[in-house]
Amino acid sequence: MIAASVRAGGDYLVLGAVRGLVADGPAVIAKLEGFAPKGIGVGLSFDEMTGLNDHFVHRPFEPLVPLTPHETAEVRGLSRHGEVRVPHPTYVGVLEWAADRSLPVEALEPSDDKYATLFTDHISYFELVRRTLRERKLARAPPESADADAYALTWDGTLSHGRGSRAFLLAREEAVAAGAQRLAARVGRTALVVDRERFDGVVRALSSEGVPTAE
């Protein structure tokens with residue numbers, strides 16, 4: 001887990017959690033407790049957040065989660081660095097924590113339609129082919145990394161190596177930061193919880209008018 005405070009027309013706490021890593025959940029909650037936000041933005045689309053709320057948040061029994069071969073390989077590699085659960089346990093924990101406190105939570109990732117538009121705007125056919133080949137390579141041999149943090153960054157960096165992929169991710173991170181700014185304008189003090197690999201880009205986009213401070 002990584003954290004940074006940003007002052008950019010408001011007070012923000014940005015938290016990056018490794019997708020699937022159980023240990024990051026309590027660390028994120030502890031940071032939220034200390035920051036006491038008035039609202040929380042999460043690095044999920046509205047449909048993704050709705051699915052977690054409907055099927056996993058404060059549910060005594062959870063449905064089985066089918067995984068693609070790519071997702072299975074990612075989880076298998078990450079499990080070398082600690083206990084792993086799906087769906088992302090940090091997001092489930094944050095949604096439960098916010099619900100218990102009646103705090104507003106907003107999904108900051110683009111909608112499915114907007115995501116598809118951003119993807120086609122930035123990912124050419126040849127880049128798509130290269131991404132597919134990189135996915136297959138990762139599925140065959142997940143990266144060897146020193147820790148979970150490095151694993152998440154290496155996985156994403158391998159998959160998103162091309163220029164189009166980097167531009168696509170930049171557009172997503174800017175959309176997340178813009179959504180956080182809109183949320184903060186309504187509620188004030190705002191925390192953001194995003195996947196670890198999106199953390200640096202979101203902090204850069206959010207702090208374009210301010211200065212980030214490492215936690």
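Reader: How much accessible surface does the chain have, and what share of it belongs to carbon and sulfur atoms?
Author: This is a predicted model, in which local features need pLDDT of at least 70 and side-chain atom pairs pLDDT 80 or more, while totals for chains, interfaces and linings use all residues. Residues are numbered from 1 along each chain, and side-chain values use heavy atoms, without hydrogens and water. By the Shrake-Rupley method with a 1.4 Å probe, the accessible surface is about 10900 Å² and the carbon and sulfur share is 55%.

Reader: What percentage of the residues count as buried?
Author: The chain has 215 residues. Those with under 20% relative accessible area (1.4 Å probe) are buried, and their share is 46%.

Reader: Which element gives the largest share of the lining of the second largest pocket?
Author: A pocket is an open set of 1 Å grid points with protein on both sides within 12 Å along at least five of seven lines, and lining residues have an atom within 4 Å of a point. Here 13 residues form the lining, with Asp-156, Glu-173, Glu-197, Arg-198 and Arg-204 nearest the centre. Two or more residues come from each of α7, α8 and α9. The largest share, five residues, comes from α9.

Terms used: 1 Å grid on protein atoms, 1.4 Å probe; cavity = no way out; pocket = protein on both sides within 12 Å on 5 of 7 lines; lining within 4 Å. Helix = DSSP H or I, 4+ residues; strand = E, 2+ residues; numbered from the N terminus. Buried < 20%, exposed > 50% of the residue type's maximum accessible area, 1.4 Å probe, protein only.
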